[in-house]
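Please work through the exercises below with the sequence and the coordinates open beside you. Each one sets a task and then gives a solution in steps.

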2 protein chains.
Amino acid sequence: MRGNLFAVAVDLVVLTVRSGALHVLLVRRTAPPFAGSPALPGGFVRPHEDLLDAATRELAEESGVPVPGHHLEQLASYAAPGRDPRGRVLTVGHLALVPDLPLPAAGPEAGSWHAVAGRATAEPLAFDHDRILADGVERARAKLEYTTLAASFCPPELTVAQLRGVYEAVWGRPLDPRNFQRKVTSTDGFLVPTGRTVSGARGRPAQLFRRGPATALHPPMLRGES
Amino acid sequence: MRGNLFAVAVDLVVLTVRSGALHVLLVRRTAPPFAGSPALPGGFVRPHEDLLDAATRELAEESGVPVPGHHLEQLASYAAPGRDPRGRVLTVGHLALVPDLPLPAAGPEAGSWHAVAGRATAEPLAFDHDRILADGVERARAKLEYTTLAASFCPPELTVAQLRGVYEAVWGRPLDPRNFQRKVTSTDGFLVPTGRTVSGARGRPAQLFRRGPATALHPPMLRGES
DNA sequence: CCAAAAGTGTTCAAAGTACACCCATGA
DNA sequence: TCATGGGTGTACTTTGAACACTTTTGG
């Protein structure tokens with residue numbers, strides 16, 4: 001073995017869609033370094049813990065998100081020398097996609113939702129978290145194309161319009177409601193009808209669906225040029 | 001900071017195409033643990049080194065691959081408790097795609113090429129390297145679809161047939177030579193003609209191309225059902 | 001009745017598939 | 001000249017894009 005050891009942390013890019021826009025869960029740091037700065041939620045990996053377990057634990061602690069209905073995957077690792085002034089710290093970024101749930105107790109260390117769109121002009125995040133956030137958003141955008149993960153942003157029962165809202169928020173571009181409807185309802189195993197409908201503010205009531213067993217999208221959902 | 005520290009390594013999934021089949025570079029371990037087992041090349045990250053720098057260094061040491069003409073990217077991190085009997089070791093898997101170069105000096109620690117196809121029935125790799133290899137191969141297969149990375153498996157000057165051989169080897173499926181030709185030559189920036197031709201064993205001489213500046217493939221190369 | 005959202009049908013263009021066919025070389 | 005692989009042309013099919021149109025609600 002060698003003497004050059006690292007502390008290992010997990011950081012979370014927790015994304016949701018609320019009010020038609022993509023939001024990320026941020027906490028405010030209370031201790032140095034970067035005290036007072038916004039940051040991605042995260043923490044150190046415990047002695048006998050695997051990476052995904054650590055990320056799951058942090059997700060539950062920070063956002064109150066229990067197990068079902070969310071998606072969590074590893075993103076990438078970041079270990080540039082000097083990224084943490086305390087010493088050599090490697091962090092494994094993770095990406096979580098969750099429905100727009102109310103956050104738990106708004107204590108001083110609680111997280112809150114921030115629109116992703118205006119991040120460029122907002123207060124920079126601690127460490128290299130801006131980079132991790134950018135990678136997470138990019139990954140989410142790409143995965144909507146060829147997976148059914150968009151449904152992870154929605155509650156267990158959802159309408160086609162809600163799902164379309166997710167795509168439009170994440171991609172920042174309007175989609176044709178007619179073609180979108182046909183696409184998702186004709187993709188086998190994406191949405192399964194419940195038989196019930198729900199009345200929105202105005203207009204014809206929409207069918208309620210549950211998420212189907214499909215995870216991949218063949219053919220993919222397209223977002224035009226990019 | 002915390003007391004639970006990790007050793008951090010990089011491991012390399014170095015892939016090439018030779019004799020029409022996908023091959024991976026493996027070394028044989030000489031020291032415990034897993035002495036005598038085949039393993040992915042890799043090593044510990046040095047005190048002031050970033051992850052990609054460590055992977056680049058290991059790639060140069062193990063395969064003699066100098067800088068240009070290869071592709072190297074981070075794959076994922078693996079840190080399951082107990083994956084290394086010596087203690088807590090996190091490894092960051094990397095994926096390298098290289099042309100079929102002759103390997104350097106075949107010393108006792110030198111690497112050698114092994115066909116990926118028969119790995120399931122072959123001697124298992126050390127640690128969790130079978131899993132890392134599987135992830136690397138899967139990533140390579142996926143990336144050929146929507147990037148121009150297949151050219152990374154070829155020498156700087158290449159023919160359309162060579163490039164097609166890469167796709168067929170990685171995907172394990174024949175492609176129509178006529179449609180493939182049209183697809184790659186009509187994708188802007190994928191291949192740029194040199195004007196020269198090369199005479200193969202038999203048949204009409206093929207045009208020589210160089211890699212173009214394009215990195216993405218719109219629309220993607222399709223591999224049918226999967 | 002009217003506005004608005006859900007959902008269907010139809011037309012057109014772009015891209016993949018299949019394959020007939022010609023070209024240029026070595027044996 | 002023939003076999004072989006390189007390269008082009010073309011018909012057919014599938015899929016996405018655009019949009020007219022019908023359905024069903026609330027005001």
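Predicted model: local features only at pLDDT ≥ 70, side-chain atom pairs only at ≥ 80, totals over all residues.

**Exercise 1. Describe how chain A is divided into domains, and characterise the contact between the two parts.**

Step 1. The contact between them draws 18 residues from domain 1 of chain A and 14 residues from domain 2 of chain A, while the C-alpha centres of the two domains are 27 Å apart.

Step 2. Turning to the area, about 1300 Å² is buried between domain 1 and domain 2 of chain A, and carbon and sulfur atoms give 70% of this. On the side of domain 1 of chain A, V17(A), K143(A) and L144(A) supply 42% of the area buried against domain 2 of chain A, which is more than any other three residues.

**Exercise 2. Work out which residues and elements surround DNA strand D, and which atoms of the strand they approach.**

Step 1. There are 23 residues around DNA strand D, and the closest are R178(A), K183(A), R178(B), G203(B) and R204(B). Among the atoms of DNA strand D within 4 Å of the protein, 56% belong to sugar or phosphate, with the rest belonging to bases.

Step 2. Several individual pairs involve bases. A polar side-chain atom of N179(A) lies 2.9 Å from a base nitrogen of DNA strand D, and an N or O atom in the side chain of R204(B) is 3.0 Å from a base nitrogen of DNA strand D. For G203(A), by contrast, a backbone N or O atom lies 3.4 Å from a base oxygen of DNA strand D.

Step 3. Two or more residues of the surface near DNA strand D come from each of α4 (177-186) of chain A and α3 (160-171), α4 (177-186) and β10 (206-211) of chain B. The largest share, four residues, comes from α4(A), and by class this surface has eight nonpolar, five polar and ten charged residues.

**Exercise 3. Carry out the corresponding analysis for DNA strand C.**

Step 1. Of the 23 residues around DNA strand C, those that come nearest are R178(A), Q207(A), R178(B), N179(B) and K183(B). Sugar or phosphate accounts for 54% of the atoms of DNA strand C within 4 Å of the protein, and bases for the rest.

Step 2. A polar backbone atom of Q207(A) is 2.9 Å from a phosphate oxygen of DNA strand C, and a polar side-chain atom of Q181(A) lies 3.2 Å from a sugar or linking oxygen of DNA strand C. R204(A) has a polar side-chain atom 3.4 Å from a base nitrogen of DNA strand C.

Step 3. The surface near DNA strand C takes at least two residues from each of α3 (160-171), α4 and β10 (206-211) of chain A, together with α4 of chain B. Here α4(B) gives the most, with four residues, and the residues of this surface divide into eight nonpolar, five polar and ten charged.

How values were computed
Residues numbered from 1 in each chain as written. Chains lettered and ligands numbered in written order. Heavy atoms only, no water. Domains from an automatic or database assignment. Contact = heavy atoms within 4.5 Å. Buried area = accessible area lost by both parts, 1.4 Å probe. Near = heavy atom within 4 Å. Polar contact = N/O pair within 3.5 Å; in protein donor to acceptor, adjacent residues only side chain to side chain. Nonpolar A, V, L, I, M, F, W, Y, C, P; charged D, E, K, R; others polar.
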